[in-house]
Amino acid sequence: MKARPWLALGVLLWLAFGLAYYYAFHRPFTPQFAVQLARAGRDLLCTGLLFSAAGALGTRLLGALDAAPLARLAVRAALGLGMLSFLYLLLGSSIGTQAWVAWAALAIVLGLLRRSLASWWQDAASLATLWAASGRLGRLLAGLCALIFAGALLVALAPPLAFDALVYHLSLPKLYIANGQVGYLSEIMYWGFPQVVHMLMTWAAALGATQGAVVAWGMGLLAALGLLGQLSQQLSARAAWVALAALLSGASLVTALSSAYVDWPGLLMGWGVLFFLELWLRQRQARWALWAGVLCGLAFGSKYTAGIYAPLGGLVFVLAGKPDWRALLRYLAAALLCAAPWLLRNALATGNPFYPLLLPGGEMDAIRLGYYQGFAAQGNWLDALLLPFRATWLGIEGGHIGNAAGYETSLGPLLLLFGLLALLPAGVPAAAHSLKRSSVIVALGGLFVWALAGRLTGHLIRSHLYFSLFPAFATLAAFGFEKAQSLRLGAVRVGRLAAASTLLALALSALGSSLGLVQRGVLDWWSGALDDQAYSQRNLGLYALVMPALPEDGRTLMLWETRGWACLPNCEPDEIIDRWPHDLQVSGSPAAVLARWRAEGYAYVLYYRLGAQFVYADPQHFHTFNLQVVEDTLGSLPVVENFNEDYVLYRLQP
């Protein structure tokens, strides 16, 4: 048949017109869903490009690395992400946070490292090998883990809800973008915490990503892949999946995947330290001690308390048969070098390298420091002696039970159940001796420091502060599971019961996280049935209505409301709920407090009455103040809007 281009073109046009016309009246999804899907695609693209640049950079820096492909992929990306955070700290502080800076820097990194990028991505193909070696139990656990990670990604891509994310994790990047510069933010004292993760969130936001929580989710995925790769090579694929299941059987770590918190990033960097410590124990090469120190510094850069790896890693070098002092010095020097940018930044801005802790400086004078750090130790000596048991059984996400109120974290049962089994005398594969040794030193030393710190102040008993140690706990859980496989009680195979226990714990965790998607309306948001405002209002209540209603013609000072993300940069949150008692103590009288606020340029005061009443009713855990004096003082101001008596907006300027 003779070719007829005009006829072919006509057929194509007919098909295009017919489909477009039909679906214009028979839409398979709402426009809201299309917008949200496009926004999610943009977030994943921006974050994925940033992670790809990190992987390429880590590949170039580390060079040849004899390790399991998934472990190699994870540790290279972890190192690269840390280095990119330093790069963006420099760029954002000097040139700015404009989009062109973010895209230009990313393009240069990817362009220069394009060959390393291809090498880094090739390691991801080993997931298929892991799947093939996992067996029935491993594949069931893998499916449940994938369900948990997928659900967490759906939440991470939705509008933020997590408390600390609204207080500072997402507020800091938002302010950096709004200000056009990475610099000192006096209004949020949490600015002083190390910001490896926040620099990456800011870079992603400058590229166009809407939800910075995807960065933390991605770092959690890397931590999981690294743990799986290392343990599948040195123990077994089944044991590797059990280790990950032990982490994900706890509600807190599952929630942290989607919350924009720094828990999983700290866990990733902590795993990276263990990875290089194990390599050093096995090969005794100087470069592994150096890279272990770098990851230790990056762990500190993710969370202050992850600095615990400095002494714990040092113990590995000291207890390694014959102590290697040179390796120890390399380790500590590299750790200090990579921690130094955050300490130096704090010292230059506030005079206190550990701002906002330990010493007065910046906005944290002696009064505020006393409010924040003066949290009495909770519980009793049993909390120190029986720490693993009490933290596991009494710890509840955001909950309080008797004397165990401070744990505030649900860890799941498997870390404790299998971790203790690692102490059984059954043999360990020769290839895994160094891994077990380093994990035991870090786990036992970490528990000792955790227990001691918890007796010094109530803040430091909280389990989530030590998530960087959990790769060591999960590794020991894998060893314990393996040791249980050879045990029998008559005809009963203990290993099968251990496998069933693992499946049960992980299935319950997956069920809980899946039900949470329904209860919070995450699926309704994805379907387009809820827009951003309705979704936030469903989960955050009146707060979601109040924040958009705040005036834009002047700054609003918030009292007893810590979550400022939704109204920044036109508001200043009461981030450690100390604004009223602090200013009253400094100024001397309620009238002087109002005069102080006017002089500081605030136009409005938002009074969160429910928050004030909650704090007032719990003098054991919060500072004391006279609620009636607060009510009378604010009552002298004209009311702009009353939000159901829970929030009241007052005009401060005459």
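User: In this predicted model, at roughly what angle do the axes of H11 and helix H12 cross?
Analyst: Two packed helices are described by the angle between their axes and the distance between the axes. Here helix H12 covers residues 237-248, and its axis and that of H11 come within 7 Å. H11 passes H12 in a right-handed crossing, and the axes of the two helices cross at roughly 150°.

User: How many nonpolar, polar and charged residues does the contact of H11 with H12 have?
Analyst: On the side of H11 the contact is made by Ala-224, Leu-227, Leu-228, Leu-231 and Ser-232, while H12 brings Ala-237, Ala-240, Trp-241, Ala-243, Leu-244 and Leu-247. Sorted by class, the contact of H11 with H12 has 10 nonpolar, one polar and no charged residues.

User: Is H10 parallel or oblique to H11?
Analyst: Helix H10 spans residues 196-207 and helix H11 spans residues 213-234, and the two pack with their axes 8 Å apart at an angle of about 125°. Because of that angle, H10 counts as oblique to H11.

User: Which residues in H11 are met by Leu-200, Met-201 and Ala-204 in H10?
Analyst: The crossing of H10 and H11 is right-handed. The residues of the contact of H10 with H11 divide into six nonpolar, no polar and no charged. Those that Leu-200, Met-201 and Ala-204 in H10 meet in H11 are Val-215, Ala-216 and Met-219.

User: Which residues is Leu-248 in contact with, leaving aside its neighbours within four places in sequence?
Analyst: Leaving aside neighbours within four places in sequence, the contacts of Leu-248 are Cys-145, Ile-148, Phe-149, Val-254, Leu-257, Trp-264, Leu-506 and Ser-509.

User: Is Glu-278 buried or exposed?
Analyst: Glu-278 is found in helix H14, which covers residues 263-283. Not counting residues up to four places away in sequence, Glu-278 touches Gln-230, Gln-234, Ala-431, Ser-434, Leu-435 and Ser-438. Since its relative accessibility is 1%, Glu-278 counts as buried.

User: What is omega for the peptide bond from Tyr-355 to Pro-356?
Analyst: Most residues other than glycine have a negative phi, and most peptide bonds are trans. Pro-356 is found in the loop between helix H17 (325-350) and helix H18 (366-373). The peptide bond from Tyr-355 to Pro-356 is cis, with omega near 5°.

User: Where is the place of Pro-569?
Analyst: Leu-568 and Pro-569 are joined by a cis peptide bond, for which omega is about 5°. The place of Pro-569 is in the loop between strand E3 (555-559) and strand E4 (571-572).

User: Is Leu-358 buried or exposed?
Analyst: Leu-358 is found in the loop between H17 and H18, and although Leu-358 is not a glycine, its phi is positive at about 70°. Because its relative accessibility is 57%, Leu-358 counts as exposed.

User: What is the relative accessible area of Glu-408?
Analyst: Glu-408 lies in the loop between helix H20 (387-393) and helix H21 (414-421). Glu-408 is not a glycine, yet it has a positive phi of about 55°. Glu-408 is partly exposed, with a relative accessible area of 21%.

Technical notes: Residues numbered from 1 in each chain as written. Predicted model: local features only at pLDDT ≥ 70, side-chain atom pairs only at ≥ 80, totals over all residues. Heavy atoms only, no water. Axes fitted to C-alpha atoms, helices over the stretch in contact; angles between N-to-C directions. Helix = DSSP H or I, 4+ residues; strand = E, 2+ residues; numbered from the N terminus. Parallel < 35°, antiparallel > 145°, perpendicular 65-115°, else oblique. Left-handed = near helix turned anticlockwise from the far one by under 90°. Contact = heavy atoms within 4.5 Å. Nonpolar A, V, L, I, M, F, W, Y, C, P; charged D, E, K, R; others polar. Buried < 20%, exposed > 50% of the residue type's maximum accessible area, 1.4 Å probe, protein only.
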